[in-house]
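Subject: A structure for you to look at

Hi there,

Have a look around first, then read on for what I found.

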Amino acid sequence: MTPQSEAELAEIIAGTNGPLHITGGGTRPIGQTQGTGLSTSKMSGITLYEPGALTIVAKAGTPVAEIEAELAKENQRLAFEPMDHRGLLGTKGEPTIGGVVAANVSGPRRIAVGACRDFALGVRFVDGSGTIIKNGGRVMKNVTGYDLVKLMCGSYGTMGVLTEVSLKVLPDVETTGCVLLHGLDDATAIRAMSAALGSPFEATGVAHFPKSMHGDPVTMIRIEGFEKSVTYRADKLRDLLRSFGETSIQIGDTDDGYGSKKGWAWVRDVTAFADQPGDVWRISAKPSEAAALTAGLGANAVQYDWGGGLIWALMPDGTDLRGKLGPFDGHATLIRGKVNTPTFHPEPAPLAAITAGLREKFDPRGILNPGLMQAKPAVAA
Amino acid sequence: MEMPAPSASVLSRKDKIVERLRAVLPRDAVISDVSETRAYECDALTAYKCPPLCAVLPANTEEVAAVLKICHEMGVPVVPRGSGTSLAGGALPTADSVILGVAKMNAVIETNYDDRYIRVQTGRTNLSVTGAVEQNGFFYAPDPSSQLACAIAGNIAMNSGGAHCLKYGVTTNNLMGVTMVMMDGTVVEIGGAHLDAGGLDLLGLICGSEGQLGVVTEATLRILHKPEGARPVLMGYDSSEVAGQVVTDIIKAGVLPVAIEFMDRPCIEATEAFAKAGYPMCEALLIVEVEGSGDEIDYQLDLIMKIAASHNPVELRQAKDADEAGRIWLGRKSAFGAMGQINDYMCLDGTIPVSSLPFVLKRIGEMSKEFGLDVGNVFHAGDGNMHPLILFDANKPGDLELCEEFGAEILKLCVEVGGCLTGEHGVGIEKRDLMNVQFDPQDLEAQMAVKDVFDPAWLLNAAKVFPLATSQSRRAA
């Protein structure tokens, strides 16, 4: 089903009895659910864009590409740098802004400016009873009532079907630069990344590849802004990081350099794992614990983003990664693959009770993406 | 502002309630003497006062859990309190409530510079969080103007902002994890030293929930390295329309200042009389601050000055050193105090789309004449967060009511142009009965359903946020 309007969507949900499998563009099939397909892709279009107020409002099915193109005309962008999952998950179709918000999709710049949830200003959605609800708005500072925008952001359609989202945007930058560290082991790289992020030089992307696209270990630190400022900060960062290993600097968008737009898209989209067999796990962790966490995994490959706070692990098929990690400060999500373990990180009992209680309130009949985000294995034992 | 009638049953059981609380807390942590509970009768919205049944000052999470468990069992309402600086009446007690103050809980639990966070007990004041890390060059970004006094607990409850949000965001963007005690005494850990939620974003839900979902006892906060430097420019214009256009042009030019502050003529006049900062007398004054190294600041200020100059300013002044920067900020930082010298004032904080600024200022000016009350505007222009200060005389019968009526009209106007009732102070009791202006019944129902999950008996700060009539059936149940 592809409703054309919010009213039609509300009617569909109110009138159905069966489970619904809710999608935007269908490019991020993370986790397992069943039900009649319901896509928001036909509710599309930018409703309002005010460059001077740094805000854009769009219907949930609006293609991300359309929004990015519109923003580019005013030299602005979605600063949280949403990942494109198509390569990694082998999907086709058009990523939608509703999907980005529903899955709280962010990229490397999350470490500096915040995640999708930090840029989400308002939502309209239809809950599991078919009721149309709005929350937040289109202004940057808003503490009027509870923040259901955050609750919806990252709820994968289980609390309601998004119909419209409003987002804060930021100016695009004049120049991008990159400080590179070569040949570091994981633990040293993470110390270097922490030093960069703990400096006043505003790194906006901080990633480490034990095996880069050229096969060697590389640590990438992105700096953005006015050209003069980028050059200055790149030099300062290089001075700061020289003691960790061999360094180099790239300024400007070269064709194939690590620091290019292409290079950071490669980081963002986890392109290195795209055509590799194995399960893909996404781990949010305390950066200083990241190297020790990955050491015992037996992973085919790992890569670090967010200064070590985000670990991508390519695991042999069917590995229970959480079993290998043990308890840690963070969470792990199975992004690709079939393992006899929950897709989303199981919550401790009191939090699981809150989650279940909220779902019961927003979707009393349990028809929105049933099974998704719940503490049961993605595939039957 | 109406508050629900206290429960006769709770009032009649005061001795038993106090006795049970004394059994789980140190002697001096339970305040029940009528002369002493008066200290907790109001917050910074001083027009409304009501001493609580008693006040408790627990020292840690376990004591908070013990208190809440007892209150839950005995059906006693609880009002959490940070430092009591709420301008919205967020910590206003009812006569049948226990005030749960976190003031004793002010310890730093852990600082971690590699992972860039600090973990504190939530009674710690906002400024002293920065105080704990600044020797290492770090700071905690959200900076509400009450930062010397306000507690992190209250910052989380209200999702507090500040002058530097344009670049650094508000509390919710800088909060990584909490320890929270639910009304039934259950202790939950949400988030931690990692980023983003593995399931539903409960942390985002709790931040800004005005102490209605639980009592946050510990918090993990993101800390950042201080910029190398910061410098402001001051610019004056003949009309607020032009100043509004300057703000828009700066933002569209791709510069992202850390702060853009706006003051109108009544506010400039009051401030000059009080602080003598040397501000130009004009219709609209902007203070724009940028950060970075000396060269970076020069470059950005150069761009900003060019934009400013192209709009025919009556004055354009760039700070050359820390002393001049201090003078530029002096008036802005004294603005509230200056207005307070003239009369009592009510401070609102509705937010509007930046594009509506000139229209809203014009309408506020017209309404000021209609109501016969003066109003000064000083606010965070970059993010549209207004702060109209309405002057009134608390000793003049009917003036407070007139002021509240005027305030309500301003907030309705904010909603009308696409904004909201409150950008950083919270709803509390002050804006509670205006929630119907911004939200439809089903929007409020969805929010109240959240409270049902966390606090089914509606014992925690229940007379706030939602219009009393709207929450009546839940509170009475």
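One term before we start: the domain bounds used below come from an automatic or database domain assignment. Please also keep in mind that this is a predicted model.

**The domains of chain B**

Chain B is assigned domain 1 (8-103), domain 2 (108-225), domain 3 (230-416) and domain 4 (439-477). Between the C-alpha centres of domain 1 and domain 4 of chain B there are 21 Å. Where these two domains touch, domain 1 of chain B contributes 9 residues and domain 4 of chain B contributes 6 residues. On the domain 1 side, helix 4 and strand 3 (78-81) of chain B are the elements that give two or more residues.

**A pair of helices in chain B**

Helix 4 of chain B (residues 61-74) also packs against another helix: its axis comes within 9 Å of the axis of helix 2 of chain B (residues 14-24), and the two cross at roughly 155°. Angles over 145 degrees count as roughly antiparallel, so helix 2 of chain B is roughly antiparallel to helix 4 of chain B. Their crossing is right-handed. Helix 2 of chain B makes the contact through Ile17(B), Arg20(B), Leu21(B) and Val24(B), while helix 4 of chain B uses Glu63(B), Ala66(B), Val67(B), Ile70(B) and Met74(B). By class, this contact has 7 nonpolar, no polar and 2 charged residues.

**Where the chains meet**

Between the chains, 75 residues of chain B are in contact with 69 residues of chain A. Several elements of chain B each supply at least two residues to its side, among them strand 9 (187-191), helix 9 (240-252) and helix 11 (294-309). Helix 16 of chain B gives the most, with 9 residues. The chain B side has 31 nonpolar, 30 polar and 14 charged residues.

**The domains of chain A**

For chain A, the assignment gives domain 1 (6-171), domain 2 (175-268) and domain 3 (271-336). The centres of domain 1 and domain 2 of chain A, taken over C-alpha atoms, are 31 Å apart. In their contact, 7 residues of domain 1 of chain A meet 10 residues of domain 2 of chain A. The domain 1 side of chain A has 4 nonpolar, 1 polar and 2 charged residues.

Enjoy exploring!

Terms used:
Residues numbered from 1 in each chain as written. Chains lettered and ligands numbered in written order. Predicted model: local features only at pLDDT ≥ 70, side-chain atom pairs only at ≥ 80, totals over all residues. Axes fitted to C-alpha atoms, helices over the stretch in contact; angles between N-to-C directions. Helix = DSSP H or I, 4+ residues; strand = E, 2+ residues; numbered from the N terminus. Parallel < 35°, antiparallel > 145°, perpendicular 65-115°, else oblique. Left-handed = near helix turned anticlockwise from the far one by under 90°. Nonpolar A, V, L, I, M, F, W, Y, C, P; charged D, E, K, R; others polar.
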